[in-house]
Amino acid sequence: MAKAKASTNGHVNRIADVLPQANGTVETKISAPNFKTVELVLKGTAPYVQLAFGEKARNVMREKQAAGSTAKKGKKREAKDFDAAFEEALHRSRDGWCGIPAGAIRNAMVAACSIVDFHMTKAKKAIFIEADGFDAAEGTPLVRINGQPRHVEHCVRNATGVADIRVRAMYDEGWTATIRVRFDADMFTVADVANLVMRAGLQVGIGEGRPSSKNSCGMGWGTFEVINQ
């Protein structure tokens, strides 16, 4: 059991008031955080497909909410700008490079914990992805991706059942990204983290059409491997 000196430093020592003392020490049961960071290189084994919630879509939603019950009265439907929709599908940093939301990789790792019967609620407090930068539009933490995005269009059905053409950004298989995973070393080893990332890449995935999609079994997109073990 760790012990810490109960020095007052000129102030009232509240810890010393409530905990048993022996020879000027205070018994503690909570250890100090023990976090480490490991760097891993990911390589896409399938295309990574991205669809950020664009600024134009947010503005349209805001206008409708601000207009209230008069939102649709006499308003014509605007022509869809497919090129602009592609640009808005990208997560672009304040410095201009494109990236993967750090939260997507973290969520995949947490989800992978259920496969190996590790408490997901504990993993949420023990695993973090350090950001390389932040999304210029919404401040989302990003991990830089190496690869060239291309404009793709897919026919989908909206929540109302209406058919629509969805514009997305696709990075072909072979894309890479270097991630820095900060983890609680009292709960995981470096090998544990690497194995968890590998499971996240193989069994969970990231982005649109990933294997663990809530709405389907995915499109075979968003899987990756670790190449620097």
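Buried here means under 20% relative accessible area, exposed means over 50%, and partly exposed is in between, with a 1.4 Å probe and protein chains only.

Before I go on, this is a predicted model, so local features need pLDDT of at least 70, side-chain atom pairs count only at pLDDT 80 or more, and totals for chains, interfaces and linings use all residues. Residues are numbered from 1 along each chain as its sequence is written, and side-chain values use heavy atoms, with hydrogens and water left out.

So what does Arg168 meet? Its side chain and that of Glu208 come together in a salt bridge, 3.4 Å from N to O. By salt bridge I mean a side-chain nitrogen of Lys or Arg within 4 Å of a carboxyl oxygen of Asp or Glu. Glu208 sits in the loop between helix 6 and strand 13, and Arg168 in strand 11 (residues 163-171), so this pair ties together parts that are 40 residues apart in sequence. Glu208 is partly exposed, with a relative accessible area of 24%.

When I say helix or strand, those are DSSP runs numbered from the N terminus: helices are H or I with at least four residues, strands are E with at least two. The protein has six helices and 13 strands. Of its 229 residues, 33% count as buried. Now contacts, meaning heavy atoms within 4.5 Å: among those between residues at least 6 apart in sequence, 69% join residues at least 24 apart.

Back to salt bridges. How many turn up in a search of the whole structure? Seven. Another one joins the side chains of Glu130 and Arg180, at 3.0 Å from N to O. Glu130 is in the loop between strand 7 and strand 8 while Arg180 is in strand 12, so here the parts tied together are 50 residues apart in sequence. Glu130 counts as partly exposed at 25% relative accessibility, and Arg180 counts as partly exposed at 25% too. There's a network here as well: salt bridges link Glu130, Asp132, Arg180 and Arg182.

Then there's Glu87 with Arg92, a salt bridge whose closest N and O atoms are 3.3 Å apart. Glu87 is partly exposed at 42% relative accessibility, and Arg92 is partly exposed at 33%.

Now for a charged residue without a partner. Asp184 is in strand 12. Asp184 is buried yet has no salt bridge, and the nearest side chain of opposite charge, Arg182, is 9.5 Å away. For charge, Lys and Arg count as positive and Asp and Glu as negative, with His and the chain ends not counted. What does Asp184 touch, leaving aside its neighbours within four places in sequence? Asn34, Phe35 and Ala126.

On to helix 6. With 15 residues (190-204) at 1.5 Å a residue, helix 6 should span 21 Å, and its end C-alpha atoms are 20 Å apart, which agrees. That expected span is 1.5 Å times one less than the number of residues. Which residues of helix 6 are buried? Val193, Ala194, Leu196, Val197, Ala200, Gly201 and Val204. Looking down the axis of helix 6, these buried residues fall within an arc of 160°, so they line one face of the helix. The arc is taken from the directions from the helix axis to the C-beta atoms. What do those residues pack against? Strand 4 (35-44), helix 4 (102-113), strand 7 (127-129), strand 12 (176-184) and strand 13 (224-226).

Three strands make an open sheet in the order 6-9-8, with antiparallel pairing. Strand 6 and strand 8 are at the edges with a single partner strand each, so one side of each has no neighbour in the sheet. Two strands pair if DSSP finds at least two bridges between them. Strand 6 (residues 99-101) and strand 9 (residues 141-144) have three bridges, and Pro101 has Leu142 as its bridge partner. Strand 8 (residues 133-134) pairs with strand 9 over two bridges. There, Phe134 is partnered with Pro141, and Gly133 stands opposite Leu142. The hairpin of strand 8 and strand 9 has six residues between the strands, and in it Gly139 takes a positive phi near 80°.
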